[in-house]
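How do two copies of a chain meet, and how are they placed relative to each other? This report takes up those topics in turn.

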There are 4 protein chains.
Amino acid sequence: MKLEINGLVEEIYAEMVEWRRDFHKHPESGWLEFRTSSLVAEKLEAWGYEVMIGKQVIDSNARMGVPPEEILRQHEQRALNQGANIKWLEFVKGGHTGVVGILDTKRPGPTIGLRFDMDALDLVEANNPEHVPAAMGFRSVNEGMMHACGHDAHTSIGLGLAKLFSQIQDQLSGKIKLIFQPAEEGVRGAKSMVAAGVLDDVDVFLANHIGTGVPLGEYVCANNGYLSTTKIDVTFTGVASHAGKCPEEGRNALLAAASAVLNLHGISRHGDGNSRINVGVLNAGTGRNIIPSSAKLKIETRGDTPEVNEYILANAINILKGTAMAHQVEVNIDIVGEAKSVDCSQELAEFVQESIQTIEEISQVHLHSNESSGSEDATYMMEKVKSNGGLATYGVVGTTLAAGHHNEKFDIDELGMKIGVKALAQVVLNSTKLNVKKALV
Amino acid sequence: MKLEINGLVEEIYAEMVEWRRDFHKHPESGWLEFRTSSLVAEKLEAWGYEVMIGKQVIDSNARMGVPPEEILRQHEQRALNQGANIKWLEFVKGGHTGVVGILDTKRPGPTIGLRFDMDALDLVEANNPEHVPAAMGFRSVNEGMMHACGHDAHTSIGLGLAKLFSQIQDQLSGKIKLIFQPAEEGVRGAKSMVAAGVLDDVDVFLANHIGTGVPLGEYVCANNGYLSTTKIDVTFTGVASHAGKCPEEGRNALLAAASAVLNLHGISRHGDGNSRINVGVLNAGTGRNIIPSSAKLKIETRGDTPEVNEYILANAINILKGTAMAHQVEVNIDIVGEAKSVDCSQELAEFVQESIQTIEEISQVHLHSNESSGSEDATYMMEKVKSNGGLATYGVVGTTLAAGHHNEKFDIDELGMKIGVKALAQVVLNSTKLNVKKALV
Amino acid sequence: MKLEINGLVEEIYAEMVEWRRDFHKHPESGWLEFRTSSLVAEKLEAWGYEVMIGKQVIDSNARMGVPPEEILRQHEQRALNQGANIKWLEFVKGGHTGVVGILDTKRPGPTIGLRFDMDALDLVEANNPEHVPAAMGFRSVNEGMMHACGHDAHTSIGLGLAKLFSQIQDQLSGKIKLIFQPAEEGVRGAKSMVAAGVLDDVDVFLANHIGTGVPLGEYVCANNGYLSTTKIDVTFTGVASHAGKCPEEGRNALLAAASAVLNLHGISRHGDGNSRINVGVLNAGTGRNIIPSSAKLKIETRGDTPEVNEYILANAINILKGTAMAHQVEVNIDIVGEAKSVDCSQELAEFVQESIQTIEEISQVHLHSNESSGSEDATYMMEKVKSNGGLATYGVVGTTLAAGHHNEKFDIDELGMKIGVKALAQVVLNSTKLNVKKALV
Amino acid sequence: MKLEINGLVEEIYAEMVEWRRDFHKHPESGWLEFRTSSLVAEKLEAWGYEVMIGKQVIDSNARMGVPPEEILRQHEQRALNQGANIKWLEFVKGGHTGVVGILDTKRPGPTIGLRFDMDALDLVEANNPEHVPAAMGFRSVNEGMMHACGHDAHTSIGLGLAKLFSQIQDQLSGKIKLIFQPAEEGVRGAKSMVAAGVLDDVDVFLANHIGTGVPLGEYVCANNGYLSTTKIDVTFTGVASHAGKCPEEGRNALLAAASAVLNLHGISRHGDGNSRINVGVLNAGTGRNIIPSSAKLKIETRGDTPEVNEYILANAINILKGTAMAHQVEVNIDIVGEAKSVDCSQELAEFVQESIQTIEEISQVHLHSNESSGSEDATYMMEKVKSNGGLATYGVVGTTLAAGHHNEKFDIDELGMKIGVKALAQVVLNSTKLNVKKALV
């Protein structure tokens, strides 16, 4: 069976590279993955998958950090111009850019969910000849957007698996859900798919990331280092006034913001674990001689546990509201992203470890990694699956990187994608051996 | 007529010196003038005045900055021990230490109100031989209280006038109200006498201060330099917690206070005039390793006009409340003193100027002084009289000072008291010539 | 004589309107007045004036707020494209856009300096049909720059006077210096002309502003309401770091800026007069999860007197430097503008009042106005002249405005320009009657 | 051998109870242990120990938080009045209240150091009949000082061991140093004994605490939970001024302090471990209408490691100095206490565990405890010994408490003292078996 896969994967890999480069050339940032998601749906349908899409898999109200209507419209149009599938585009319009492909074998076995994130970053891609995408002609044509975190590869891995599973479905059991998620950057999208019920029937869940410092040929079965986090955008709105003639008529949004910043950074540490707060951006005021009437802040909180993060967040909100009251300005607090910290299921991690040890491209398997590596909203999905009695883990498939994630020169060794497909396929193939209590119920 | 007064005043002056030294020896700070007020009432009654006292002339609820019950009790007892009049003491108990003596001539003429403040300061008096009260045996026996602002002289001038008017009442017209006010320091007392209606029928109002930088032999008819002011005591109350083990359980009153202080000092200037804010005292916390659960602040606001002061005060209250909310602590804001800025009536100032120019001890009369000289709550009374259509002014009777006001070595040349009596008596004697519209109504 | 002028002025006025509309159509903001200044020089030379220009009248090092080299280059090129005089352009390159035209009659009499500012504002001009410049085809062709403060009219008045004086030079005495100043907006240019010695020999100085709330037909001889002011640009530079992984490696420029803002607004009031401080703009940080490494602030200080302004400025600099030290970040403080408060010479104001009362278009002459009207750097020139024993005043020539100064719909009734020329010409014609002590020396 | 000890300890225990109650009745806080230390020295000498005392064991300059001279004098006198040993008192005067008793067996073996702290807390002891010391007549006679942390018991344990070792010295090897330390509260004293060289020759070091939540009958061999900490007293000194008349002449120490407090609490978290900062006390200003000229703060920093604590401290000092500069006030920073975090030597902990398991009063032995329990300056001694290649551990001997440490009702079950003596004696008796590399060198 393994040999058979190897041959199929080799064939599919050539296509995956094409797909990945196409996605790389047409990057779309969070909630704007109109072209990407419509093309994913097109392929899934072609390979015989049941396709769920748009509002079927995205709860509109649970989305965070959705761009304004005007931006959505522009990018829908651009997607169309760049070859989006017109039929599926209708479904994902308005920022509902999620797709799920379902393959139900009708044979007994667990329901396995695999998550692939599709969004790009707001970044201008490097254009020097040493940058492979530039040299080989697949540099971003969407200036100011770039796949600098590898989600183009994630999407390709998802499609590679989709094609593979469609070819070997006779050998599969249970049900497979391939979950293509929008807006992972800024941890904005996963919650809305959970809220739409996508994870409700999933017994075994796996998400993967490529790269993140793990060398090509190595694989981490369970990456536990994600912190709970909340991202908030804050606007203080006051009243402008001439600073020389009648300063008393102003309500100073910049001054309120400055006071809030100091007090936010002063939120007390928590005895139960590490916490963080950062005001990363502050823009306020229009002119030197005007009492500033507007101040905008970008803030994030983190915690070792959801409780610690929640503590920091609750204090931050009190400070923002109290400071607004103190300065008699309005404050608008918008939660634009949120992720959890979750422990990977030990049992599943060990199962993955065992399943993939025969893959020849993988020279070293790490059961765990606890290194802090920012935040990830697949944790929402993991938490959901675990709370239903299922198993969940977050793996890392190593590859060589040209530069760090979120860097304008980021690029991957595409071989990592092949390893990713093999590893996940192997887990799925073995999954009937996995003893999932919930699945038995 | 003038000659006659001069002779009488000379006689009375000897007594005034005795009274002043007795008051100086037994200073009583604001709302604790139990001995002083009871003795004033005793004398007024003896000289034939109708005496109104205690709650008749003090509206309990309009008092500000009244000491705690226990302190009131202690000082009532001390007053008794130091020779207070037991009959009148009953009336002024509980911090109702105001007295008004009324002389109604039944002849047509304006109702003239004269204000004399009686309270001392919380200050330890100097005890070196160069300090006259120490050398001559009338240094304060109430350690920690001292007449360092001349209110002992003010009270004596009031009593001197009372005795004089009782002797020359045949030559007087209209009605005279001698108003002995408690708690001028901290601008706490005048409001309560206004609220009790003491000023309701007053057509012409004069208050005087001795000293304040004006040399002996000079007199200022209208001192306009008082700023509007409000004094507030603030307490933030949080929750203590061990700063090492569980800082997150604390609610930090000191941190809230620090933030409030910065924001208070940052209240914007006002385009319509000078303003001030000062946090003069801050005490917070009990131990180095405890999240502080309490912080106490003493604050004052000022403004060129009541509107400017009100603007600063309103902003301060917003900041205090908003900051409490930001830090999830309680805040208690207590207004413990308040005074107005008022323009002296030009017509009355000129009338005083004319009336006193024949007094030989006065070598120089200044119509106006606009120099800022802190705050004064007789302004409450002035505002009341003026709003009723009457006339009001605030004069300064010059004298030589041993040291500045509020200094532990403060002392006056008592001759200033004699001049004060002559000046005010002359205004009263001339008052029938004063054309007060309201009086005619 | 007056009649003669009237006729000449009428003729010149038609040209002035043309000039003004040409300047309005080609606005150039501070230090970029390449086209304007070269055309002014061209005309002055044509009319027989001695022309001093560029570094002769601008001290490079005393300039404030000069744009970067690249911007200078771009605008020099644009000026050339838009018809600048190529000969004179050479002199004003690099941001030395000042011109002085000198008419020396060789006859005894004072040296009179008249100041005209030439710069536009960075503002997009209104484009609706109700906006006269748009309707009549002289709306700004330099998008993002606009004459919205009337300096186009000031320059035209200066040229109108130049032409007039060249025609009537037989009737003039003394020496006339027509000073065309760059970069008045932001109070950046006057200091550099004073430093270059332009005012050293001036006995009588007059500057004028058009509009500012004074109706058409009225004239203010002495506008005293300008506050001392300093404009500063501040950059805090820290070290970026990932806010989740290693916040301790960052040096937080945004946090430093926030603390500075609070402390700046908390600078104490001054007992000698009104003061102001405003942080009008703050921009800091690049990403939500990055410790911000840069923060830029635009600040201004003001004071009733230079001393009060200097007090606020000195405190602000201490706060900026101390806060940088507290947060271990670098701070760069750049003074980009400065102006003084100056009392107009009473004698000269009265002389102007008398001189212009026969001008029929002026229905009402105001000797003084003390209304605060922001800041103006002609005050530097006034101070220089006065400190040399000369006389100086700042007048306002009323006109009807379509909208307030600095508004995108600002426009003037051009008749005000004619009145301005008549008024200033009359003062110059009368100036031999003016008794200037310094001139006699 | 064990049996013999048991009998001796039973005898000594009766005395230990007496000593402990005597110390409890005469508590002396840090650097004031004049009576305590002189009586300890008296006993050590009587039992044949070489006594090192005063400046022999305390480096004057390395002391932290020493009370003022006047206080030292008063308490020296009181100690004398309360029965201090007059001979030894001479040595400990001036706050040099440390004693070391040395027993050199002249037989081969390690040098073992045992640390006992002697100081009391500044606390008023409870006086209700339920409080055993009150009921039994050994409540503190030094009002405002109280042994509420068990150091009276620690001193008694030290003396108990001293007496025991003197009785069984034939069975001992190596050298024993009984180190009686002053001023552990506030972590002020240990550093000065290290600096005096007391620990230089110590191969094996043990310190013990009684109580701290461990039940009677249990023993913790290695308590690792101490945080690094630094205690600092800070004074800002500005210039007072009348807040109404000339606020610009003041330099506001309270405002500087408030700004410092906010910025101190805003010091960034450290990626390598937990940190803390607390401003526990702030007192500033004298009067409502005076710009405050003085502000005093009590601050502490903590860190999981010395590096993290050092990071917080370094930032705090930058903030304090920078803020002083910003507000043009003086700042005085006084380090009044300091302790380290130290890992107990695993080898020694296991040796203790093994040594004490036969003690019948000990029902449960815990090898480690990592629970955070504040700070302890024996860590200075431990670090010194370990850096010399020796072994060190910090044990906890359980006992029943009437109330928590530092509580006014604190009291111990004295049986804990007996267990403490047995445990430490057993370790010393076994110590020849301990393989200390350094000792062999």
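To place one copy on another, the copies are superposed by least squares on the C-alpha atoms of residues with pLDDT of at least 70 in both. The model is predicted.

**Symmetry.** Chain D can be laid on chain C with an RMSD of 0.1 Å. That takes a turn of 180° and a shift of 0.1 Å along the axis. The two copies are thus related as by a two-fold rotation axis. Which residue of chain D comes closest to the rotation axis? D:Gly322 does, with its C-alpha at 2.1 Å.

**Interface.** Chain D puts 23 residues in contact with 23 residues of chain C. Two elements of chain D give two or more residues each to this side: α8 (253-265) and α9 (306-327). The largest share, eight residues, comes from α9(D). The side of chain D that touches chain C divides by class as follows.

| Class | Residues on the side of chain D that touches chain C |
|---|---|
| Nonpolar | seven residues |
| Polar | 12 residues |

**A helix in chain C.** Helix α6 of chain C covers residues 151-167, 17 residues in all. From first C-alpha to last, α6(C) reaches 24 Å. That is close to the 24 Å expected at 1.5 Å a residue. Is α6(C) mostly covered or mostly open? Mostly covered: 15 of the 17 residues of α6(C) are buried.

Technical notes:
Residues are numbered from 1 along each chain as its sequence is written. Chains are lettered from A and ligands numbered from 1 in the order in which they are written. This is a predicted model: local features need pLDDT of at least 70, side-chain atom pairs count only at pLDDT 80 or more; totals for chains, interfaces and linings use all residues. Two residues are in contact if their C-beta atoms, placed from the backbone, lie within 7 Å. Helices (H or I, at least four residues) and strands (E, at least two) are DSSP runs, numbered from the N terminus. Ala, Val, Leu, Ile, Met, Phe, Trp, Tyr, Cys and Pro count as nonpolar, Asp, Glu, Lys and Arg as charged, and the others, Gly among them, as polar. The expected span of a helix is 1.5 Å times one less than its number of residues. A residue is buried if 20 or more other C-beta atoms lie within 10 Å of its own, exposed if 12 or fewer, and partly exposed in between; C-beta atoms are placed from the backbone.
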